[in-house]
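Work through the exercises below with the model open. Try each task before reading its solution.

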Amino acid sequence: MATFRSTISIILVFIFCFHTICSNAHAEETVNPYTEREALYHKMETITNVPWYYLAAVDSYERGLRKARRDRADADGFISIYYAKEDWVGPLNPNQDDESPDTISLFEGIGLDGNGDGKALLTDDEDVLYTLARYLESYGLTEEDFRIALWHFYQREQSVNIVAGHAKVYQHYQTLDLHKHAFVMPLHHNYSYRSTWGDRRGWGGRRIHEGTDIFANYQVPIQSSSYGIVETIGWNPYGGWRVGIRDLDNIYHYYAHLSGFEKGIEKGTIIEAGQLIGYCGSSGYGKPGTQGKFPPHLHYGMYRDNGITEWSFDPFPSLKQWERAAKQAKK
Ligand SMILES: [Zn+2]
């Protein structure tokens, strides 16, 4: 028994030390990925004339895809743009690890040498970003050209819309540092919520509850939890007056059952975290204008895009985290 106990203590000491070492290593890490990425985008903009925010938009979309997809590991470098090996070197290239720009081009691979070291490497941030920039440039530099290039790249309207939205947000704020969050209503109002994700619900056939309900009074201000762009706004038979905002991690934030929208909020409006978007209500479950079929509350949903489809995940842990951060900030 004594041996067992001491073994456990040794393991605990090990875990503790390991944890301490890891957190120290983390604290010493001074590299800011935003600064590194911004430098790379601006460098490629100088070489190719492709606006840096187009490159940033594709890169952040691809970063979100890697988070959403099990078949793509996180990028090793700062740039997340994904190319399949066979596309990079050319599908008929007998050397699937080819690094030579000449033979890659001979086999109609897309890989280019972006930093002039004589190699086209899938693992080199500059080569990957340069390859994307040249591709975009070949379609032209207007917003319409950009959308056409994206359409050929992704063959999916929703991917084009998300990337084009990211580009607008980056162009507007002129920074990549747009991942701060806010709680969905001011803390001084009375509100309550619990984890209800996945519960069964009654109206409109058998569906599961894809979100968290935050009960509050009519007209309590609803604020955006994230930076992003308004993707949908208007009436929906289930959600009533609802707004959908797409953030820079490709996550779609859905705010439903509102009594009304804040003035000036429309499709394409650029939104910052904490910005007022509408007011709590009980709209929905019927024709446009239907309200009062349930107590007033905000239905808040989060959906992730993986480049093929979207699915809902539980927003409750995020809400708790943002609420805690808002309380901390007040102290
Ligand atoms: Zn709900």
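**Exercise 1. Count the helices and strands in the protein.**

Solution. The protein has nine helices and 13 strands. Helices (H or I, at least four residues) and strands (E, at least two) are DSSP runs, numbered from the N terminus. This is a predicted model: local features need pLDDT of at least 70, side-chain atom pairs count only at pLDDT 80 or more, and totals for chains, interfaces and linings use all residues. Residues are numbered from 1 along each chain as its sequence is written.

**Exercise 2. Describe how H7 packs on H8.**

Solution. Start with the geometry. Helix H7 (residues 143-154) and helix H8 (residues 157-173) have axes 9 Å apart, at an angle of about 135°. Axes are lines fitted to C-alpha atoms, for helices over the stretch in contact, and angles run from 0 to 180 degrees between N-to-C directions. H7 is therefore oblique to H8 (under 35 degrees is roughly parallel, over 145 roughly antiparallel, 65 to 115 roughly perpendicular, the rest oblique).

Next, list the contacts (C-beta atoms, placed from the backbone, within 7 Å). H7 supplies Phe146, Arg147, Leu150, Trp151 and Tyr154; H8 supplies Ser159, Val160, Val163 and Ala164. By class, this contact has seven nonpolar, one polar and one charged residues. Ala, Val, Leu, Ile, Met, Phe, Trp, Tyr, Cys and Pro count as nonpolar, Asp, Glu, Lys and Arg as charged, and the others, Gly among them, as polar.

**Exercise 3. Which strand pairs with S12, and in which sense?**

Solution. Strand S12 (residues 297-305) pairs with strand S13 (residues 310-313) in the antiparallel sense, over four bridges. Pairing requires that DSSP finds at least two bridges between the strands. Arg304 stands opposite Trp311 in S13. Now inspect the turn. The hairpin has four residues between the strands, and Gly307 takes a positive phi near 90°.

**Exercise 4. Find the pairings of S11 with S5 and S9.**

Solution. Take S5 (residues 221-223) to begin. This strand pairs with S11 (residues 276-279) in the antiparallel sense over three bridges. Gln223 stands opposite Leu276. Then take S9 (residues 260-261). S9 and S11 are also antiparallel, over two bridges. Phe261 stands opposite Gly278.

Terms used. Contact = placed C-beta atoms within 7 Å.
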